[in-house]
Amino acid sequence: IQSQEAKRGSASSSTDRPLLHPPVAVMASSALICDTEQWKGLQAHVGAIQKTHLRDLMDDAERCKAMTAEYEGIFLDYSRQRATGETMEKLFKLAEAAKLKEKIEKMFSGDKINSTENRSVLHVALRAPRDEVIKSDGVNVVPEVWGVKDKIKQFSETFRSGSWVGATGKALTNVVSVGIGGSFLGPLFVHAALQTDPEAAESAKGRQLRFLANVDPVDVARSIKDLDPETTLVVVVSKTFTTAETMLNARTLKEWIVSSLGPDAVAKHMIAVSTNLELVEKFGIDPKNAFAFWDWVGGRYSVCSAVGVLPLSLQYGFPIVQKFLEGAASIDKHFRSSSFEKNIPVLLGLLSVWNVSFLGYPARAILPYSQALEKFAPHIQQLSMESNGKGVSIDGVQLSFETGEIDFGEPGTNGQHSFYQLIHQGRVIPCDFIGVVKSQQPVYLKGEIVSNHDELMSNFFAQPDALAYGKTPEQLHSEKVPEHLISHKTFQGNRPSLSLLLPSLSAYEIGQLLSIYEHRIAVQGFLWGINSFDQWGVELGKSLASQVRKSLHASRMEGKPVQGFNSSTASLLTRYLAVEPSTPYNTTTMPKV
């Protein structure tokens with residue numbers, strides 16, 4: 001935290017670097033947000049907050065009541081944040097200085113706010129009502145979106161009815177979706193959340209949906225374990241149909257199908273989500289069975305496109321997935337139209353900026369008290385860290401303050417027996433507690449004090465207070481705790497969290513939860529003045545991997561020595577190549593699991 005303080009201090013000093021523009025009430029387009037009076041006002045306010053403790057702030061009932069927001073039964077309580085009414089007023093003024101409202105409107109209007117790639121950012125169009133108008137390059141994209149959704153609806157109905165049959169005439173009941181990054185994590189999160197929803201589970205009876213993402217052959221083995229090619233459909237998700245990992249996995253599953261059913265089976269057992277119809281056809285997939293998406297959809301924001309809607313509709317039916325999309329659309333409307341004081345994504349985004357850039361907390365724990373949300377944190381991890389892990393402004397100016405969080409999480413109560421020790425008595429990590437009023441799978445055993453869900457939720461309600469209040473040495477002395485254990489059992493408290501309570505966890509609420517976090521992350525980026533919609537940081541490693549790939553091929557096939565690398569990498573490669581591969585390069589082998 002000391003280093004964070006030093007960095008924040010440098011942000012406020014006008015002598016550290018020349019100002020592009022003098023500070024003004026509203027930030028000029030090329031200025032950094034940290035140069036504004038509103039940012040400096042928040043920096044000065046940190047000292048007052050450092051003198052407070054949450055156990056005292058929580059005694060103010062009016063403050064606690066004011067620090068809530070509700071929309072369609074979703075209830076946010078952020079009273080356990082290290083913030084006061086004055087803090088929130090200053091954050092709202094910062095939002096005004098950053099032109100947050102204007103930036104939100106530009107996103108919904110199709111302006112090319114992803115300036116480094118000259119693209120609109122229109123994942124909101126993917127779940128917009130059929131009659132809504134959202135334009136990109138002057139063209140309403142909503143009819144085109146619905147054209148793809150109508151095609152998915154028709155195909156999924158044909159597939160699920162058994163009318164679509166494989167090469168041997170059998171109906172297909174298994175789906176393997178091949179994609180990586182946003183083509184995997186988002187759809188997997190929704191699939192995991194729907195699996196135990198009664199309506200969705202009933203619709204999915206007798207079917208399997210699996211995902212293949214990692215190029216590791218172990219992932220291939222797991223994704224096809226106990227599956228029969230005769231009854232399996234493979235969905236290849238790649239916008240350009242050139243993504244290295246995805247296409248190698250696609251070729252591997254193609255070989256799995258062809259070796260069992262012959263080359264003509266590909267057209268019946270493989271479909272695509274792609275815009276490169278030429279490569280789709282060259283691969284052997286009928287272009288008629290390719291489903292489009294657009295360059296104004298970033299990968300990590302693509303779960304509401306064919307990337308997620310197609311495999312999820314094959315598993316659960318389009319009507320279930322449409323409810324998910326409608327839930328996301330409801331939050332889109334709330335985000336665009338509600339006042340900032342009661343706008344759930346805006347409040348969450350403002351508080352994240354406060355925690356990261358002013359209080360110096362580098363991480364955020366996402367703690368859903370619902371096993372159905374077990375894949376939510378991994379998805380948000382990519383969504384957040386790939387979006388806001390930036391070191392320069394949208395104009396390319398080096399930042400002098402911290403952006404982005406290290407996101408991680410685990411469902412409660414599993415996390416309590418894993419890393420809660422650290423968040424209670426180690427580092428201060430702001431926590432998002434996500435609870436559900438009505439369980440997807442209620443269980444009550446006669447004679448038990450509470451139901452299984454109530455037992456779970458007892459922890460959901462208790463943990464935020466434990467973090468906020470802690471436990472003092474005086475309390476421990478009054479409990480006759482031995483002196484030598486006092487320091488070990490002391491909890492400092494004053495650790496911020498927020499609670500988000502959902503009424504239930506149907507497809508609709510799952511869509512709402514996704515949209516809340518998508519917009520929260522956008523708010524953070526808008527305030528920081530960065531581009532949350534590009535990801536140049538993933539490119540360098542991929543480029544270097546291409547060089548390694550060529551070297552491995554030359555060594556394996558031509559016996560050439562390792563060269564062109566630093567001594568450390570060369571040594572590692574030489575050690576790796578010293579052991580003969582278990583799979584000879586001159587034969588085709590497949591997983592044996």
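**Entry 1: a term first.** I call a residue buried if its relative accessible area is under 20%, exposed if it is over 50%, and partly exposed in between. One caution before I start: this is a predicted model.

**Entry 2: Arg-80 and Asp-77.** With that cut-off in hand, I checked this pair and found both Arg-80 and Asp-77 buried. They form a salt bridge with each other, and their closest N and O atoms are 3.8 Å apart.

**Entry 3: the other salt bridges.** How many salt bridges does a search of the whole structure find? I noted 21. I picked out Arg-520 and Asp-432, where the closest N and O atoms of the bridge are 2.6 Å apart.

I then turned to Glu-558 and Lys-560, a salt bridge with 3.3 Å between the closest N and O atoms. Glu-558 has 48% relative accessibility, so I logged it as partly exposed. Lys-560 comes out at 45%, so it is partly exposed too. I also found a network: salt bridges with shared partners join Asp-77, Arg-80 and Asp-465.

**Entry 4: cysteines.** I looked for disulfides and found zero in the structure. I checked two cysteines for burial as well. Cys-34 counts as buried because its relative accessibility is 0%. Cys-304 also counts as buried, because its value is 2%.

**Entry 5: the open sheet.** In what order do the five strands of the open sheet stand? I traced β6-β5-β7-β8-β9, with parallel pairing. The edges are β6 (208-212) and β9 (290-291); each has a single partner strand, so one side of each has no neighbour in the sheet. A reminder to myself: strands in a sheet pair through backbone hydrogen bonds, and the pairing can be parallel or antiparallel.

Next I zoomed in on β7 (residues 232-237) and β8 (residues 270-273), which run parallel and are joined by four bridges. Here Val-234 has Met-270 of β8 opposite it.

Which helix lies across these strands? I found α14 (residues 306-316) lying across β5 (174-178), β6, β7, β8 and β9, and running at about 145° to β8.

**Entry 6: Glu-455.** I looked up this residue by itself and found it in helix α19 (residues 452-469). Its relative accessible area is 47%, so Glu-455 is partly exposed.

**Entry 7: domains.** How is the protein divided? I wrote down domain 1 as 33-98 + 338-420 + 501-532, domain 2 as 135-324 and domain 3 as 543-577. The contact between domain 1 and domain 2 takes 21 residues from domain 1 and 19 residues from domain 2. Taken over C-alpha atoms, the centres of domain 1 and domain 2 are 33 Å apart.

Notes: Residues are numbered from 1 along each chain as its sequence is written. This is a predicted model: local features need pLDDT of at least 70, side-chain atom pairs count only at pLDDT 80 or more; totals for chains, interfaces and linings use all residues. Side-chain values use heavy atoms; hydrogens and water are left out. Buried means under 20% relative accessible area, exposed over 50%, partly exposed in between (1.4 Å probe, protein chains only). A disulfide is a pair of cysteine sulfur atoms within 2.5 Å. Two strands pair if DSSP finds at least two bridges between them. Contact means heavy atoms within 4.5 Å. Axes are lines fitted to C-alpha atoms, for helices over the stretch in contact, and angles run from 0 to 180 degrees between N-to-C directions. A salt bridge is a side-chain nitrogen of Lys or Arg within 4 Å of a carboxyl oxygen of Asp or Glu. Domain bounds come from an automatic or database domain assignment.
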